[in-house]
Each structure stands twice: as structure tokens, then as C-alpha cells.
Amino acid sequence: MSTIQSIAENYQSFNPRAYLQNNYVPPRADFSNKDSVVPWKLQCLADACAKGEIGGQTLVDIGSGPTVYQLLSAFELFKEVVLTDYLEVNRKELKKWLQDEPGSFDWSAYVNHVCSIEGKGESWQEKQTRLRERVTRVVPVDIHQARPLGDAFAPGSVDGLVSSFCLEACSPNYEAFEKALQNVTGLLKPGGHLLMIGALEESYYLAGEARLTVVCLTEEMVRKALRHVGYKIRDFRTYSMPPSMRIGVDDVKGIFFTWAQKQGHN
Ligand SMILES: C[S@@+](CC[C@H](N)C(=O)[O-])C[C@H]1O[C@@H](n2cnc3c(N)ncnc32)[C@H](O)[C@@H]1O
């Protein structure tokens, strides 16, 4: 049976490049295929961000891993963006991309795709440069701590949260998942918004040598956790993994997207 500690140990062999290769190139990221999972995720995020309700000073992405796609719409609505991850190797991979170093992962097709969804007629290069400028920090996070970012942020000080495939991928059971959601929600101001994407009915995924266990969630469990922690669900969508996306790097059956708002106002 896995525990928070055994999961943390497994993450020590997490390979960012293998993870990117498994999930962020075709077929999972095929912008010419309307059934591909990455375009679905980007559309969900863009739709929520287009409603005109989300925004503020600080956006924090919880468990960024080595990826930035999850921020491509939301970052535009905040003055400052903070990336976070538990692992130094992932924080390094992010910094490499932010500094446009040779060998960093190429997100340009993603940026280009989001530009076309948003339809503002700007070039992907402008958007990409703006994202790099908007990120002010890349900091450690541990969702199992009552204060996941330590002293870096006071409770209730953050205007928006993004998190993709993090909470369920580091929690041994539903109770730990709900507690982790409560911990990260402590960062958010009342009335602040959460954009979360995650795996449904997944028990493991691979990242190089690492085999990470995932708490198997249903849509109902995610909705329950959001309710218990004090969110109003503003949107909830699910995607069922088609056979062409089942490529042996995990056993994920579906994906959820939610836009949720922390109850109460300042
Ligand atoms: C499945 S990856 C998700 C990466 C990225 N957000 C994405 O959308 O692909 C899970 C991430 O959770 C991070 N992680 C592991 N343990 C954690 C913890 N205790 N607190 C926060 N993040 C953790 C891992 O380092 C990894 O980057």
C-alpha cells in the first residue's frame, strides 16, 4: 500500500524528459486531431479564462512539473505568475525553458494553438515572450503540508490557482487528495478561482524509470472534494481517453477539468 512517504521516494527517479515525451508529443498532443487530449485541455482552460471573471495580482501553478501549457490562457489575466514543483529536476527544466536555453522543451505549437483558440490575432512569439516575462519565481511546493509553499505566501494571499495532474498523482488515497486540495486552497483568497485538470480512474503512470502510483478518482469524488473544501463549481467537464491515446505510459481512463471558485468574498 502506498503512503505519502513511499510516493515521495518514487518521485526521486521521475524523469522530466521521459514524462514530456510520454504526454506532450503526438498522439496526445496532436493539434490536427480533434480527439487528441491536449487540444481538449487547452480549450477547457481558454473557455474558462474567456468568461471575464478570473484575474488579479498573483497566479500560482501547483505542481507545474516540467510543463507550462496549463498557463497559456490564465497567465494573461494576472500580473505575476509563480511556478512550483516538488522536484528540483522539474524546477530546473522550467527555468531552462524560461531562459530559452538550448535543449529546452518546445512549447511553440501549444502557444500557437492557444493563440488560434483565443482569436486575438497576435503572433505566438509575442505570447510566449509575455509568459516568460510574467513568471517571477519557480519555487518548491509540497501539497501535503498545511502551508504548501512554506513562508513564500501568506494564507489567503493568492488570487488564482492552476493545477494539472498533481494532487491525484501524489496522494495515496482519497483522504490525502482532499486534504491536499484543502492545503492548496488555503493559499487562495475567498472569491479566488481554481482551474484544475486531472486524471480519472488512473492507478499509475510512467516517467522513465519511475512508476508513480495515482489515487483512482471518479468524477463524483472530485466534485465531493471540491464541495468539502468550500468551492462552488463553475464548470466541470470530462474527457474519455480514446483507444488511440492509450499508449502504455499509464492506465488513465479519462480526464476532468474544473473551474471552481472559493466561497466567500473579501
Ligand atoms: C503528473 S506530474 C504533473 C505535471 C504537470 N503539471 C502536467 O500537467 O503535466 C505530477 C507532479 O507533481 C509533483 N509532485 C510530486 N510530489 C509532490 C508533492 N508532495 N507536492 C507537490 N507536487 C508534487 C511532481 O514532481 C510532478 O511534477
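This report covers backbone features and pockets in a predicted model.

## Backbone features

Pro 27 sits in the loop between helix 2 (16-23) and helix 3 (37-49).

Asp 100 has a phi of about 55°. Its loop lies between helix 4 (88-98) and helix 5 (108-118). Asp 100 is exposed, at 53% relative accessible area. Glu 201 has a phi of about 50°. This residue is in the loop between strand 5 (188-200) and strand 6 (204-207). Glu 201 is partly exposed, with 40% relative accessibility.

## Largest pocket

The largest pocket has a volume of about 560 Å³. It is lined by 38 residues, and Tyr 11, Phe 165, Cys 166, Ala 169 and Tyr 205 are the closest to its centre. Helix 1 (4-11), helix 2 and helix 3 each give two or more residues to this lining. Helix 1 gives the most, with four residues.

By residue class, the lining of the largest pocket holds 23 nonpolar, eight polar and seven charged residues.

## Second largest pocket

The second largest pocket holds about 160 Å³ of space. Its lining includes Gln 43, Ala 46, Asp 47 and Cys 49, along with Ile 117 and Glu 118. Helix 3 and helix 5 each give two or more residues to this lining. The largest share, four residues, comes from helix 3.

The lining of the second largest pocket divides into five nonpolar, two polar and four charged residues.

Terms used:
Residues numbered from 1 in each chain as written. Predicted model: local features only at pLDDT ≥ 70, side-chain atom pairs only at ≥ 80, totals over all residues. Heavy atoms only, no water. Buried < 20%, exposed > 50% of the residue type's maximum accessible area, 1.4 Å probe, protein only. 1 Å grid on protein atoms, 1.4 Å probe; cavity = no way out; pocket = protein on both sides within 12 Å on 5 of 7 lines; lining within 4 Å. Points joined across faces, edges and corners; volume = space filled by probe spheres on them. Nonpolar A, V, L, I, M, F, W, Y, C, P; charged D, E, K, R; others polar.
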